[in-house]
Amino acid sequence: MKSKHPSFMPACPAIEARAEQMLGQLSLEEKIDLLGGQHDPKHGGDTYGNDRAGIPPLKMADASLGIHWWTDRSTTYPATIALAATWDRDLAYRVGAALGRDARARGIHIVLGPGVNIYRSPLCGRNFEYLGEDPFLAAASVTGFIRGLQDQGVSATAKHFAVNFQEYERHKVSSDLDERTLREIYLPAFRAAVVEAGAGAVMTAYNFVNGVHCSEHDQLVRQILKDEWGFQGLVMSDWVSTYSAVAAANAGLDLEMPTALWLNREHLLPAVRDGQVSLSVIDDKVRRLLRLMLCYRS
């Protein structure tokens, strides 16, 4: 079940060279323009492109149980909790591949799933689309699912990173925990999605973790996901879950969805000019978007 597409650890030399060429054609203002999505009230949103540099937009669609947006009719697959209950890695691959074919047939480049948050409360309204309460089971299930999806030429998005297990007050609640609990319970499925399955994208969660919003959580995004795990793909926010410009940019958020309220010219141009955000940080974000585009926009 080896993926046919780059796992971003690292991307192949040809993709890296092409991404650098495109990056070199962009002004600072044009680079910042790529860091927020295009909101479409009917379809949810996609990324911006740049015609002059030969960068097309990427089309996204929700999510784990079937293709939403861009279609009036869609196959709905059994809830992913049922998939986890089978303990069948090959079946997980086949389900991911079926969803990938559906997405590819509609011209979709990025599927906003699978969700791999660990069950902690039966009251969570999205438990049905996660993979259970056991970190080993969730990690084993998501690996096959993502490989199957990405073998169809469609990027997966592992979400919601991290420690997200309730919908009520999701913009305000803080999930407070120690390092061992984080590592042993809440991160294994995300690590498997990135390190073993090679997910093209990761989506941050709404909640705080130990008092810091996930979209600006330096330990989670920059230190663990990017530095420790070597993730070379794209980190996007959940819809309207970015709460700052400088903190989010420096912590490693690459793309604000569905539109740029913070990662825009108004906030980032002054931050770059006065040294709060380095140009290398902006370049890294655009480079990650270009890698994804070059892998999944063909």
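In which helix do Arg222 and Asp218 both lie, and how many residues apart are they? Select the pair: they sit in helix 8 (residues 218-228), four residues apart, about one turn of the helix. Keep in mind that this is a predicted model. The two side chains meet in a salt bridge, 2.6 Å from N to O. Arg222 is partly exposed, at 33% relative accessible area, and Asp218 is partly exposed too, at 24%.

Next, select Asp284 and Arg288 in helix 11 (residues 279-296), also four residues apart. Their salt bridge brings the closest N and O atoms to 2.8 Å. Here Asp284 is partly exposed at 24%, whereas Arg288 is buried at 5%.

For a pair with both members buried, pick Glu129 and Arg126; their closest N and O atoms are 2.7 Å apart in a salt bridge. The whole structure holds 17 salt bridges.

Now for a contrast: go to Glu256, in the loop between helix 9 (246-251) and helix 10 (265-273). Glu256 is buried yet has no salt bridge, and Lys285, the nearest side chain of opposite charge, is 10 Å away. Instead, look at the backbone nitrogen of Leu261, which the Glu256 side chain reaches at 3.1 Å. Other contacts of Glu256 include Leu35, Gly36, Ser237 and Trp262.

Last stop: the open three-stranded sheet, ordered 6-8-9 with mixed pairing. Strand 6 (174-175) and strand 9 (212-213) are its edges, each with a single partner strand, so one side of each has no neighbour in the sheet. Strands 6 and 8 run parallel, joined by two bridges; select Ser175 and its bridge partner Val209 to see one.

Technical notes:
Residues numbered from 1 in each chain as written. Predicted model: local features only at pLDDT ≥ 70, side-chain atom pairs only at ≥ 80, totals over all residues. Heavy atoms only, no water. Buried < 20%, exposed > 50% of the residue type's maximum accessible area, 1.4 Å probe, protein only. Lys, Arg positive; Asp, Glu negative; His and termini not counted. Salt bridge = Lys/Arg side-chain N within 4 Å of Asp/Glu carboxyl O. Polar contact = N/O pair within 3.5 Å; in protein donor to acceptor, adjacent residues only side chain to side chain. Contact = heavy atoms within 4.5 Å. Pairing = 2+ DSSP bridges. Lists of a residue's contacts leave out its neighbours within four places in sequence.
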